[in-house]
Amino acid sequence: MRKITYVIGLFVAFGLLAQDKTAMKYAKTITADDLKAHLSILASDEYEGRETGKKGQKMAAKYIAKHFESLGFEAPVDGSYFQKFDLTEAQIGSVYFRKGDDKKIGFEDFVYYSSSETSGEEYIKAVIADEEKSEDYTGKYVVYTAEKLGGLQAKAEKAKEAGAVGVIITLEDDQEFESFITRYSPYLKRPSLRMEGRDNESTKLIIGDKAMAEWMFDKTYDEISAGDESQVIFNADYLDRPVGTENVLGFLKGTEKPDEVLVITSHYDHVGIINGEIHNGADDDGSGTVTVLEIAEAFSTAAAKNKGPKRSILFMTVTGEEKGLLGSKYYTDTDPIFPLENTVANLNIDMVGRVDDAHAENSDYIYLIGSDKLSQELHNLSEEMNKTYTNLELDYTYNDENDPNQFYKRSDHYNFAKNNVPIIFYFNGTHEDYHKPTDTVDKIDFETMEKRARLVFHTGWELANRAERIKVDKIKEEKVSGD
Ligand SMILES: [Zn+2]
């Protein structure tokens with residue numbers, strides 16, 4: 001026993017020091033200049049911030065597909081580089097209460113906060129909640145009069161459990177109501193993209209003011225009391241339209257184990273134009289996207305010299321990340337082109353072009369998130385590759401499960417991880433330009449990005465070429481979060 005351990009120990013130590021000259025040769029094809037050339041195009045104003053479903057996103061998709069084609073990659077989606085799917089763009093339509101000719105208008109007199117709609121004008125029964133008693137509110141809209149907004153969620157939950165279809169909160173503090181409606185209305189009225197169909201069973205949440213309660217119950221505010229009922233007409237509708245979008249996939253077939261697939265991802269979408277300002281998303285996630293393009297080129301150059309990876313590699317730049325990880329979710333949950341059980345690992349690169357304040361003194365760092373969550377072997381391999389080739393400071397600050405940012409759940413790798421595919425998320429941390437029009441190419445540190453890209457390349461090279469596929473050895477029960 002002991003002897004074997006000793007021999008293996010020696011072997012590992014030797015492996016640590018030995019550099020794979022072939023891998024190093026192709027890592028060198030990843031250069032700051034190439035990264036800059038790609039990013040200067042994808043994050044230019046012409047691409048209009050690459051918002052999902054918009055012109056700029058389509059332009060970026062074409063650019064990436066053209067690159068994959070030039071590398072000679074297989075187009076794995078029935079001969080196409082595009083995995084196309086429809087999302088639904090929902091925009092709030094007409095929302096109002098009506099009594100005869102008298103109306104209270106949504107986003108002027110109250111805020112409507114729900115994704116469900118009525119089937120045209122409906123008579124609704126509103127009842128003032130009796131918080132002393134536990135009542136049956138089946139089919140009714142429960143009205144809570146509240147001094148402030150706090151505890152709103154809990155009230156809505158309680159009413160829903162008691163059968164309510166709607167919850168109406170009327171705020172006693174006019175100033176608080178004014179600031180609430182001014183702040184949230186523009187946001188709630190903006191169109192939003194979603195994957196699933198409309199859930200008309202979800203509770204309709206309405207926030208109004210004292211005047212609305214008085215109007216609804218035909219009483220002064222002081223006269224209103226628990227159990228009071230009123231019947232009014234309510235209308236809430238959404239204007240839904242399909243929006244087509246696409247993930248872009250390039251496939252390099254493995255030479256020995258083609259059925260085992262490593263997936264390298266980034267999201268190429270960003271948030272587009274907001275208030276007339278282009279959000280270029282150079283770091284988020286133009287940086288990850290051009291890193292994928294360069295790593296892809298390195299592997300394809302190797303393949304052209306008969307040094308192609310033993311396992312297959314899928315290079316996938318996804319859409320819809322900023323709308324809720326929708327592109328990666330479509331791939332993993334609806335149409336995995338390659339079976340997830342054959343997916344060896346996912347390396348996800350999201351924001352790798354900047355240096356955050358915590359590392360102002362030493363830019364040679366990268367945050368790694370998730371590397372040890374499902375596979376200790378993946379974590380060890382990643383550490384080893386860094387020690388052998390890149391020597392970056394690997395910062396695990398955000399890998400802490402108690403970190404309030406919860407980055408582990410905030411980019412595309414999460415859709416793989418939830419399916420027990422081991423992942424590593426490469427991330428430079430946040431900065432003052434995050435999701436602002438100022439996230440531009442001139443602020444990118446391409447020398448640092450080159451080192452980070454080479455780390456991902458070496459890790460991918462090892463994952464694709466080592467004798468045995470890495471093992472999933474750490475499946476954990478998902479903690480139930482109480483919010
Ligand atoms: Zn983002």
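**Exercise 1.** Determine how helix α3 and helix α8 pack, and classify the angle.

*Solution.* Helix α3 (residues 32-42) and α8 pack at an angle of about 130°, and their axes are 9 Å apart. Helices are DSSP runs (H or I, at least four residues), numbered from the N terminus. Axes are lines fitted to C-alpha atoms over the stretch in contact, and angles run from 0 to 180 degrees between N-to-C directions. Angles under 35 degrees count as roughly parallel, over 145 as roughly antiparallel, 65 to 115 as roughly perpendicular and the rest as oblique. Therefore α3 is oblique to α8.

This is a predicted model, in which local features need pLDDT of at least 70, side-chain atom pairs count only at pLDDT 80 or more, and totals for chains, interfaces and linings use all residues. Residues are numbered from 1 along each chain as its sequence is written.

**Exercise 2.** State which residues of α3 meet α8.

*Solution.* Contact requires C-beta atoms, placed from the backbone, within 7 Å. From α3, the residues D34, L35, H38, L39 and L42 take part. Their partners in α8 include A282, G286, S287 and E294.

**Exercise 3.** Describe the packing of α8 and α12.

*Solution.* Helix α8 (residues 282-304) and helix α12 (residues 446-465) have axes 10 Å apart, at an angle of about 50°. Hence α8 is oblique to α12. In α8, S287, T291, E294, I295 and A298 meet M449, A453, V456, F457 and G460 in α12.

**Exercise 4.** State the average pLDDT of the protein.

*Solution.* The pLDDT, the predictor's confidence in each residue from 0 to 100, averages 93, and 95% of the residues score at least 70. Over residues 1-11, however, the pLDDT is below 50.

Technical notes: Two residues are in contact if their C-beta atoms, placed from the backbone, lie within 7 Å. Helices (H or I, at least four residues) and strands (E, at least two) are DSSP runs, numbered from the N terminus.
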